[in-house]
Structures are given as C-alpha cells and as structure tokens.
Amino acid sequence: MNVHVRPADPALPRHDWTLDEVAALFELPFTELVFRAAEVHRRWFDPTELQLSQLLSVKTGGCAENCGYCSQSASFKTGVAATKLMDAKTVIDAATEAKAGGAQRFCMGAAWRDLKDRDLPKVAAMISGVKALGLETCATLGMLTADQAKALKAAGLDYYNHNLDTGPDYYDKVVTTRTYQDRLDTLEHVRAAGMSTCCGGIVGMGETRRDRAGLLHALATLPAHPDSLPVNDLMPIKGTPLAGSAPVDALEFIRVIAVARLVCPKSMVRLSAGREHMSRELQALAFLAGANSIFIGGTLLTTANPEKDTDAALLADLGMRPMASA
Ligand code: SAM
Ligand code: DTB
Ligand code: SF4
C-alpha cells in the first residue's frame, strides 16, 4: 500500500528537536536558511511589525556572580560603579518617559545573583507602578524562588528575563558561580507562577557554531518555548575575561537569528544587545530572518544602544512599525 505521509508543517512549534537537527539548520545555504525563516515568520507574525522594549538598570554593579561578559560583576575591574536599588518613583518616572518614547514593555534589571526577600516590597512597588502606566512589565533580577516568582506575578509582572546565555557545553567557560540547572530552575518557577518567559543568550563569546546550536536546542526543548527570545551580540567590556573574544561574523549572526525563528516559531525573537555596532543593512537582514523585537532608548543597562531618532528613521525607511498589540 502506498502510504502518503505529509511532511510536518515547518511552522508548527516542536519540542522534540535534536541537537543534530538544530545544527543541520546552521549548515543550510545562507539564502535558503533566511528564506525558510522568513516564511515561518510570516505564518505567525506580521513581518512589518516590531515589538519595542526599553531597559532600565534599577540596581547597577557590584554583582556577586562572575559572568565573564558582564560590566557589573564585582569580580572584574570595569569602571562601572555599584549603586543602590532605585526608588520606585525614579523608576516609574523613567517608565513614563519610555512610554512617551514609544516603548511597549519596560524591563527593570538588577545586578543581583538572586532576589532577596528584603528587596521584594520595593521591587513590587516599581512593578505595580509601571504596570499602572499601561506598559507591559518585565524584570531581570537574578535567580528566584517559587514563592518570589508568585509575589512578582501578584505585583503585576508580565515577563521575567533569565537567559541561558550559551550552550550547555560552553557554559562553564562563561560563568562558574551559577549552574545551567540553576537557570532552568528559575525559569520553571517563572512559568509555574504564570508569567511569560524571556530567555535567550549571547553570541560572540568565543563559542563554536555547535555551541550556538546547543543554546538554541536548549531553548527549543524547554517545556514551553520562551515568549521572548533575546539574541545578544556581545558588547565587549574592557576588564572582563571575554572582552577579547573574536567578533561573530555578521552572516553567522544572521544564521543564529534565522535558526532561532525556525526552532521557536512563535517566540518574539529580539535583536538585542549589539545593535549599536550593526549597520542598518544588517539589522534589516535580521528582521528578514525573523527578528521582530528590539530594545529602544539610548542605553541598554550599562552600554549604548541606538538613539530614538536613529531607530525611528530606520523603521520609517524599512516601512516597519511598532507591533499593534504586543
Ligand atoms: N543579574 C541578572 C542576571 O544575570 O540574571 C540580570 C541582568 S543580566 C545583565 C541580563 C542578561 O544580559 C545576561 O544574562 C546576558 O545574557 C546579557 N548581557 C549582560 N552583559 C552583556 C554584554 N556585555 N553583552 C551582551 N549581553 C549581555
Ligand atoms: C537581555 O537578554 N539583554 C538585555 C536584557 N536581557 C536584560 C541586557 C543587555 C545588556 C548589555 C550590556 C549592558 O548594557 O550592560
Ligand atoms: Fe551579575 Fe547578571 Fe552581570 Fe551575571 S549578568 S554578573 S548575574 S548582573
């Protein structure tokens, strides 16, 4: 009997990717990979729309972790001064300005290894204040317990950012004070509390293509694909161990975006840190390959990002607009 098996629809989300399958996508001819990613992108999203987030570092520097890329680790001399946790009012004022500038989501970042219960009331006040402005709320505060995740959700937190950073095999070259499993546990607490996850990583830390596939494989086989998937191009920070890593080739960077789109088809793939040193053409190629989210505003946490007017001109020239309902 001739059994016709229809090939699986490549736009449908899957959680059973193997590492070899993800690695094989990286080996496709470049234009074929980008074309496939663009097709999948169109199945779930309007490709002319971009989700716009804005960051604020609400507690900078002095961090106990040793993430080898980070300006804020107390382990490295980077010149970034440690600050105290900002007052809720200062944060809400900054969020008000971000909203006026077009941000849809406001992300509060703290240079903490983990959230301390003593800081919860202040953090909760920031979150509820930002939420009351009509913005989507996001925070990245280090590791969370299950109870802390529930408390943040109750305060009005929509998204929690916690990255896997790199593939499991390269991870210990990047950070040794927190395990991959620690990160997966925090993500589980975030999901269990009913929040959306924002989880991705960094390229340009000296990792191999196989490691990049390892990161995307880890993300694609999570119990739920990340709602937002930030792909950061390393911002090299003088004084950190990874500052001298060879930059990732621009075409390889686009491959990472395209494979992210293919393995997590319904995630918002964010062209995250690194736009400051990317040409307009490269960013356009990233949007073609499936990126549909960016950070706006002139600073990320401690490093530069394109200014508002630069991005407004880019979007206008590309015929793109902010996502209607982020
Ligand atoms: N301390 C919290 C944590 O690490 O969970 C939250 C803030 S941390 C700065 C958030 C993420 O930003 C990191 O996981 C990393 O992926 C990214 N990041 C930090 N420094 C970066 C750099 N120099 N270049 C690119 N991405 C970076
Ligand atoms: C993410 O993946 N990238 C953002 C956000 N999550 C918190 C942070 C990028 C930080 C870039 C380096 C800096 O500005 O210090
Ligand atoms: Fe600390 Fe986060 Fe920087 Fe790691 S990435 S050193 S946890 S602020």
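The dialogue below takes up several features in turn.

Me: What conventions apply here?

Reply: This is a predicted model, in which local features need pLDDT of at least 70 and side-chain atom pairs count only at pLDDT 80 or more, while totals for chains, interfaces and linings use all residues. Residues are numbered from 1 along each chain as its sequence is written, chains are lettered from A and ligands numbered from 1 in the order in which they are written, and side-chain values use heavy atoms, with hydrogens and water left out.

Me: Where is Asp158 placed?

Reply: Helices (H or I, at least four residues) and strands (E, at least two) are DSSP runs, numbered from the N terminus. Asp158 belongs to the loop between helix 5 (146–155) and strand 4 (159–161).

Me: Which side chain is joined to that of Asp158 by a polar contact?

Reply: A polar contact is a pair of N or O atoms within 3.5 Å; within protein, one must be able to donate a hydrogen and the other to accept it, and residues adjacent in sequence count only if both atoms are side-chain atoms. The partner is Lys131, at 2.9 Å. The Asp158 side chain also reaches the backbone nitrogen of Thr137 at 2.9 Å.

Me: How is an aromatic pair described?

Reply: One gives the distance of the centres and the angle of the planes. Rings of Phe, Tyr and Trp (its six-membered ring) pair if their centres lie within 6.5 Å; planes under 30 degrees apart count as stacked, over 60 as edge-to-face and the rest as tilted. By this rule there is one aromatic pair. Tyr171 and Tyr180 form it edge-to-face, with 5.2 Å centre to centre and 75° between the planes.

Me: Is Tyr171 buried or exposed?

Reply: Buried means under 20% relative accessible area, exposed over 50%, and partly exposed in between (1.4 Å probe, protein chains only). Tyr171 is buried, because its relative accessible area is 5%. Tyr180 also counts as buried, at 12%. Asp317, in helix 10 (residues 308–318), is exposed because its value is 54%.

Me: Which side chains make polar contacts with ligand 2?

Reply: Thr303 has a side-chain N or O atom 2.8 Å from an oxygen atom of ligand 2. For Asn161, the distance to a nitrogen atom of ligand 2 is 3.3 Å, and a polar side-chain atom of Ser272 lies 3.5 Å from a nitrogen atom of the ligand.
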